[in-house]
Amino acid sequence: MTDAAALYRQELIEAGLLIPTGVDGLYGRSAVFESVVEGLERSISRMAAPDGAELMRFPPMMSRKDFLASGYLKGFPHLFGSVHCFCGNEADHRQLLEYAGEGKDFSDLLEPSGVVLTPAACYPVYPVVSRRGTLPPGGRLIDVSAYCFRHEPSLDPCRMQLFRMRENIRVGSADEVLDFREKWLQRGLKWVERLALPAVSDLANDPFFGRGGKLMAAGQRDQQLKFELLVPVTSTEKPTACLSFNYHMTHFAEIWPIHQADGELAHTGCVGFGLERLTLALLRHHGLDPTTWPQTVRGELWPDK
């Protein structure tokens, strides 16, 4: 985390745009901040409307069973969050209150629930698609949005622990998914130009854990499975990934059996929009008062104003 990131965070807090909670990376949002997020959501919806995607919205939690099946723990154990609950008797309750009152750790008195915090908006979608059976000809296209959790507390406002991710997901043949990704990469570049944000596209990899993760990241880059649109927000040397374009091959279709109409395993891919990061990028490049932003940008976000 750079001094510039901490300074930008302080500017956002002093302007009332972010509301600190006492936990690094966990913020309330003001009406102004939310108006930008809502404008981005509507703009994305207009851009995606010609595709006719099925809309799904999920809470910030997903089934523990589906999460464990996903393989997320193998690659990202340092980022996931589990929901634990009290399931004890009255004696356990008394001990819980005693520990809490004394400021002691009472985690041993809790048990894992049937849910975990959603790590990516697309994760709840694949089990749903699998349960529907064989894909129709042409596959499926799904528009999804959810709050997501990543355990990486930081003073950098671009690294929130809870943030919103908007995604469009393509499920079908390899050619269909790759065509989808390329179309959205071009759309994304033109879109950020309309937002007057200085963005570049680049090959990327996910932050896999440990020494084995370095091999996984190298393989991901070698196969060109992930691209990102990067915008300088708190650093020009290390710009922030605001959009990502991902090709999973048959990874999720193998975990939750998803077959194409011809019986072959489906391929999947997604484009993801980091709504808080995009908002922070707009505030950084156009100023903390959206009423002063360029009219072309305002027209893209709020065309009715």
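Glu 182 is found in helix α7 (residues 174-194), where helices are DSSP runs of H or I with at least four residues and strands are runs of E with at least two, both numbered from the N terminus. At 43% relative accessibility, Glu 182 counts as partly exposed, because buried means under 20% relative accessible area, exposed means over 50%, and partly exposed lies in between (1.4 Å probe, protein chains only). Between Glu 182 and Phe 106 there are 76 residues in sequence and 49 Å in space, C-alpha to C-alpha.

A word on the source: this is a predicted model, in which local features need pLDDT of at least 70 and side-chain atom pairs count only at pLDDT 80 or more, while totals for chains, interfaces and linings use all residues. Residues are numbered from 1 along each chain as its sequence is written, and side-chain values use heavy atoms, with hydrogens and water left out.

## The chain as a whole

The protein chain has 11 helices and 12 strands. Its C-alpha trace spans about 60 × 55 × 40 Å along the principal axes. A compact globule of 305 residues would have a radius of gyration near 19 Å, and the 21 Å of this chain agrees with that; the radius is taken over C-alpha atoms, and the globule rule is 2.2 Å times the number of residues to the power 0.38. Buried residues make up 48% of the 305. Among contacts (heavy atoms within 4.5 Å) with a separation of 6 or more, 70% join residues 24 or more positions apart.

## The seven-stranded sheet

Seven strands form an open, mixed sheet in the order β3-β7-β8-β12-β11-β10-β9; two strands pair if DSSP finds at least two bridges between them. β3 (54-57) and β9 stand at the edges with a single partner strand each, so one side of each is left without a neighbour in the sheet. On average, neighbouring strands here are turned by 20° against each other, direction ignored. Helix α7 packs on this sheet and touches β7, β8, β9, β10, β11 and β12, with its direction at about 170° to that of β11. Such axes are lines fitted to C-alpha atoms, for helices over the stretch in contact, and angles run from 0 to 180 degrees between N-to-C directions. Helix α2 lies across β7 (140-149), β8 (162-172) and β12 (267-274), running at about 5° to β8.

Strand β10 is mostly covered, with six of its six residues buried. In a regular strand the side chains alternate between the two faces of the sheet. In β10, Lys 226, Glu 228 and Leu 230 point one way, while Phe 227, Leu 229 and Val 231 point the other way.

| Strands | Sense | Bridges |
|---|---|---|
| β9 (200-203) and β10 | antiparallel | four bridges |
| β10 and β11 | antiparallel | six bridges |
| β4 and β6 (110-117) | antiparallel | three bridges |

Ser 235 lies in the loop between β10 (226-231) and β11 (240-249). With a relative accessible area of 13%, Ser 235 is buried. Its side chain reaches two backbone nitrogens: that of Glu 237 at 3.2 Å and that of Lys 238 at 3.0 Å. A polar contact is a pair of N or O atoms within 3.5 Å; within protein, one must be able to donate a hydrogen and the other to accept it, and residues adjacent in sequence count only if both atoms are side-chain atoms.

## The three-stranded sheet

Three strands form an open antiparallel sheet in the order β4-β6-β5. β4 (61-63) and β5 (82-86) stand at the edges, each with a single partner strand, so one side of each has no neighbour in the sheet. Neighbouring strands of this sheet are turned by 55° against each other on average, direction ignored. Met 62 stands opposite Val 116 in β6.

## The nonpolar core

A nonpolar core is a set of buried Ala, Val, Leu, Ile, Met, Phe, Trp, Tyr and Cys residues joined through side-chain atoms within 4.5 Å. The largest one has 74 residues, and those touching the most other members are Leu 40, Ile 169, Trp 191, Leu 243, Phe 273, Leu 282 and Leu 301. Helix α2 (residues 31-48) gives the largest share of this core, seven residues. Not counting residues up to four places away in sequence, Leu 243 touches several residues, including Trp 191, Phe 227, Leu 229 and Phe 273.
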